[in-house]
Structures are given as structure tokens and as C-alpha cells.
Amino acid sequence: ETAIAWPAGSLAAPFTIDQHWAKFDGCAAGLLGREAHDRVREALANLPQLQSIAALMAPLREPGSRSEA
């Protein structure tokens, strides 16, 4: 039997940046259209430099931001 002390993504075993983005992509799949996904991901990648969260929130409010799948 294999035991995993700490799951990936926990404080003890944090995600790598690639795992972080893979998790985001998986969670956003089917919820956001491609353009909205890309704009939200770009805003998240630059979050510390954003003057406001408008760049993050705008793609989520726009018509067509939801995936048609």
C-alpha cells in the first residue's frame, strides 16, 4: 500500500507553476470560452502588477465569455 503524506497543491507539497496552470486550465475548461480563458489567465499571471482587478473581471462579465461546450 502506498501512502501519500501530503497531497499535491497543499502547503507541504505546493504545485509547480506548470501544475498550477494545468489545474486552472482543467477547472476553466468547459466554463470559459477560449478568448475569455486566455484573458483571465493573462490577468492572473500578471496579478501582482495589476492596478485593479478590472482586467481579471472584465472577461468574466462579457457576453460570450462562457464556453458553448
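H37 touches F24, D25, A28 and L32, leaving out residues up to four places away in sequence; touching, or contact, means heavy atoms within 4.5 Å. H37 sits in helix 2, where helices (H or I, at least four residues) are DSSP runs numbered from the N terminus. At 7% relative accessibility, H37 counts as buried, and buried means under 20% relative accessible area (1.4 Å probe, protein chains only).

This is a predicted model: local features need pLDDT of at least 70, side-chain atom pairs count only at pLDDT 80 or more, and totals for chains, interfaces and linings use all residues. Residues are numbered from 1 along each chain as its sequence is written, and side-chain values use heavy atoms, with hydrogens and water left out.

**The core**
- The largest nonpolar core has eight residues: W21, F24, A28, L32, A36, V40, A43 and L56.
- A nonpolar core is a set of buried Ala, Val, Leu, Ile, Met, Phe, Trp, Tyr and Cys residues joined through side-chain atoms within 4.5 Å.
- Setting aside its neighbours within four places in sequence, A36 is in contact with P59 and S65.

**The aromatic pair**
- Search the whole structure and you'll find one aromatic pair.
- That pair is W21 and F24, edge-to-face, with 5.9 Å centre to centre and 90° between the planes.
- Rings of Phe, Tyr and Trp (its six-membered ring) pair if their centres lie within 6.5 Å, and planes over 60 degrees apart count as edge-to-face.
- W21 and F24 both lie in helix 1, three residues apart, or about one turn of the helix.
- Both W21 and F24 are buried.

Conventions: Buried means under 20% relative accessible area, exposed over 50%, partly exposed in between (1.4 Å probe, protein chains only). Helices (H or I, at least four residues) and strands (E, at least two) are DSSP runs, numbered from the N terminus. Rings of Phe, Tyr and Trp (its six-membered ring) pair if their centres lie within 6.5 Å; planes under 30 degrees apart count as stacked, over 60 as edge-to-face and the rest as tilted.
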